[in-house]
Amino acid sequence: ESNLADLLPYSYAELLDRVSQKLKPKRFEHVQRVADTAEKLAQKYGADVTRARVAGIVHDYAKDLPDEAFKQVILSQQLDPALLGYNNGIWHGVVGTYFIQRDLQIYDPAILSAVGKHTIGAPKMSKLDQIIFIADFIEPGREFPGVDAARKAAETSLAAGVAFELAQTLNFLVSKKQKIYPKTIASYNAWVVHN
Ligand code: GDP
Ligand code: FE
Ligand code: FE
Ligand code: FE
């Protein structure tokens, strides 16, 4: 179990304060529910509870930033140029880790990995990666059709939860005729057969 002081150069109260100033109130409520859900999953599945909580609080830190801010970072940090063909839905996680390091001074690789993968997943995901990915989808405020099946899958195993969520996300995106980011497809292919 890690200590908060090893993850943050300030208090947990200050973390909440900094994040709440960056997010709309509804979004800040969501991230607090994700942190609660992630903490419970970490207890159930034997992952680092402190990292789960912090990752939950910061996972959507970049969600309300303007598109222009993401485009600048994609160019200046020489990230995958294909990212420019997508939108905030993809950027706030993959590129969001840049702002979390810059503004929140959080550099823990396990936390940054979980935030970077929370929307699109990855073929290989740590326990913490899987927990944040799932918690974001099943936190108690989520109401979409299929959320109960997603919660059941997450009770069975983390892998079942990840597989269920990727299938549901791809179905949703196809039904809306949205472009699929290739890494989302790679994640789906890696997890669809999970046992
Ligand atoms: P939130 O930030 O808590 O709302 O949840 P997520 O970070 O999981 O998802 C953000 C958005 O990205 C959702 O609207 C997803 O449907 C969308 N999304 C996820 N994968 C892809 C993808 O491959 N392509 C596109 N265009 N959107 C995606
Ligand atoms: Fe998100
Ligand atoms: Fe998600
Ligand atoms: Fe979220």
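Predicted model: local features only at pLDDT ≥ 70, side-chain atom pairs only at ≥ 80, totals over all residues.
Figure 1. Because nine of the ten residues of α4 are buried, the helix is largely enclosed by the rest of the structure.

**Figure 2. The N-terminal end of α4 and its cap.** Aspartate 48 caps this end of the helix. A side-chain oxygen of aspartate 48 lies 3.0 Å from the backbone nitrogen of threonine 50.

**Figure 3. Helix α4 crossing helix α8.** Two packed helices are described by the angle between their axes and the distance between the axes. Here the axes of α4 (residues 49–58) and α8 (residues 109–116) come within 9 Å and cross at roughly 45°. That angle makes α4 oblique to α8. The crossing of the two helices is right-handed. On the α4 side the contact is made by Arg51, Val54, Ala55 and Val58, and on the α8 side by Ala110, Ile111 and Val115. By class, these residues are six nonpolar, no polar and one charged.

**Figure 4. Aspartate 129 in helix α9.** Aspartate 129 is found in α9, which covers residues 127–138. Its relative accessibility is 1%, so aspartate 129 counts as buried; the cut-off for buried is under 20%. Leaving aside neighbours within four places in sequence, aspartate 129 is in contact with Ala110, Ser113, Ala114, Lys117 and Lys124. Of these, Ala110 also takes part in the contact of α8 with α4. The side chain of aspartate 129 reaches the backbone nitrogen of serine 126 at 2.9 Å. Glycine 85 is 44 residues from aspartate 129 along the chain, and the C-alpha atoms of the two are separated by 25 Å.

**Figure 5. Helix α9 packed against helix α10.** The axes of α9 and α10 (residues 147–156) are 10 Å apart, and the helices pack at an angle of about 150°. This angle makes α9 roughly antiparallel to α10, as angles over 145 degrees count as roughly antiparallel. The crossing of α9 and α10 is left-handed. Ile134, Phe137 and Ile138 of α9 make the contact with Val147, Ala150, Arg151 and Ala154 of α10. The residues of this contact divide into six nonpolar, no polar and one charged.

Methods. Residues numbered from 1 in each chain as written. Chains lettered and ligands numbered in written order. Heavy atoms only, no water. Axes fitted to C-alpha atoms, helices over the stretch in contact; angles between N-to-C directions. Helix = DSSP H or I, 4+ residues; strand = E, 2+ residues; numbered from the N terminus. Parallel < 35°, antiparallel > 145°, perpendicular 65-115°, else oblique. Left-handed = near helix turned anticlockwise from the far one by under 90°. Contact = heavy atoms within 4.5 Å. Nonpolar A, V, L, I, M, F, W, Y, C, P; charged D, E, K, R; others polar. Buried < 20%, exposed > 50% of the residue type's maximum accessible area, 1.4 Å probe, protein only. Polar contact = N/O pair within 3.5 Å; in protein donor to acceptor, adjacent residues only side chain to side chain.
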